[in-house]
Amino acid sequence: MAPSTSSRLFAGLLVIIAGLLVVLWSGRLYAANGCFSSIISFGDSIADTGNLKYLASLSEDVGFPCDPPYGQNFIGQSTGRCSNGRLIIDFLAESLGLPLIPPYLSIKGSGSGSLMAFRQGVNYATGGSTAMSSSFIEAKCGESIVINGTLKDQLAWFKQSLPFICGNTNSSACRNFIGHSLILMGEIGGNDYNLPLIRGRSIDYVQSYVPLVIDSIVSTINELIKMGAQTLVVPGNFPIGCFPSYLTTGVSGVSNNEGYDPITGCLTKLNEFSEYHNKMLQTKLNQIRELNPNVVVIYADYYNALMQIYYSPDEYGFTNGALKACCGGGGPYNYNASIRCGDASTILCDEPDKYVSWDGVHLTEAAYKLIFKSLFQGQYTTPEFYSLCPRTSTSKGTVISSSSI
């Protein structure tokens, strides 16, 4: 005898309910295994997914230097990323099964109804951001500089958005949300050094205030821990001595005829400066771990994750140049400070995936992809991220670019 229509509907409903329970239960296991329900990101253009672009749309005083051909690897997507495609944060989100993390300012500007998107993560990183205040950087550079979204500003934006996500900032719901989020602290601090260096300040001069930059980063980390953060990823700085911008323009006190690493061709003193910042940062992170034994503070070794490429570029598929920009104004490193990527006279390469540098300052999607794998699926984090979240190598996210993880 055939089952009745009501019986079939009831059976179908049970299947749906069972499926939902499996999803919910697996989600609980996913979090319990060290993975996360959202990503909260701070930083500069290395992580910015659209905040600077939004600010530029509101004010003529704010420039956005990453118009097309930036973002050319995205299919049917507008992007505020300063690369040809995805960034480290994008690969991280995809690996955790999360949507690409939206920029705070664009969602904030679209109305409170869109703020529900924050529950799976929000990105406060802003291109050109610094760890220190605008007034501090202006004093070090000796001139007026517009800096949008300093680290202090980003933390304030985060606090302002919490009521839309979880209610009262000090509520258990908010602490639970923050505690189950992966906090990505940058990269931040690079512009605190880049801005004075490109204006002629010496490495020794800039190095004298590295402790202040580190303290600013640490202060923000401590504030987030007080708010309930349980897992934070804190990147170090890149080896800027390998960037086409510095290889072309040099820095005060360092001759372009000396100081090159014989293996990589990078400027040794600039890389030693980055290592100085990174060592000081790691010392401070160890102190945070001692004071907060129940909080996981992960150091992300951006420096060596990228240096491995410079040591063996061909091995990683970067056959068209480890030190030469894909998009730039010509010259030995295809970089000219007076010709921005996207200008009429820009020289644009045909195969960005074979270049490490996109525009002389930012990296290509291919380089960011390899750095992501080295960090979050490899051994370039302390402690190893993979041991906390083993599913990063098998989880599938939404892929919107022409290539997958």
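In which sense do strand E3 and E4 pair, and over how many bridges? I will come to that after one caution: this is a predicted model.

The answer is that E3, residues 181-185, pairs with E4 in the parallel sense, over 3 bridges. On to strand E5, residues 296-300: E5 runs parallel to E4, and 5 bridges join the two. There, Val233 has Ile298 of E5 as its bridge partner.

Now E4 itself, residues 231-235. Buried here means under 20% relative accessible area. Of the 5 residues in E4, 5 are buried, so the strand is largely enclosed by the rest of the structure. As for the side chains, in a regular strand they alternate between the two faces of the sheet. In E4, Thr231, Val233 and Pro235 point one way, while Leu232 and Val234 point the other way. All of these are buried.

Next, the largest pocket. Its space comes to about 1,300 Å³, and 50 residues line it. Nearest the centre of the pocket are Asn191, Leu195, Ile198, Val361 and His362.

Which element gives the largest share of that lining? It is H8, with 6 residues. Helix H8 spans 190-197, and the elements that each supply at least two lining residues also include helix H11 at 244-249, helix H12 at 268-291 and strand E6 at 327-328. By type, the lining of this pocket has 26 nonpolar residues, 18 polar and 6 charged.

That is what I have for today.

Methods. Residues are numbered from 1 along each chain as its sequence is written. This is a predicted model: local features need pLDDT of at least 70, side-chain atom pairs count only at pLDDT 80 or more; totals for chains, interfaces and linings use all residues. Side-chain values use heavy atoms; hydrogens and water are left out. On a 1 Å grid over the protein atoms alone, a cavity is a set of points where a 1.4 Å probe fits but cannot get out, and a pocket is an open set with protein on both sides within 12 Å along at least five of seven lines; lining residues have an atom within 4 Å of a point. Grid points are joined across faces, edges and corners, and a volume is the space filled by probe spheres set on the points. Helices (H or I, at least four residues) and strands (E, at least two) are DSSP runs, numbered from the N terminus. Ala, Val, Leu, Ile, Met, Phe, Trp, Tyr, Cys and Pro count as nonpolar, Asp, Glu, Lys and Arg as charged, and the others, Gly among them, as polar. Buried means under 20% relative accessible area, exposed over 50%, partly exposed in between (1.4 Å probe, protein chains only). Two strands pair if DSSP finds at least two bridges between them.
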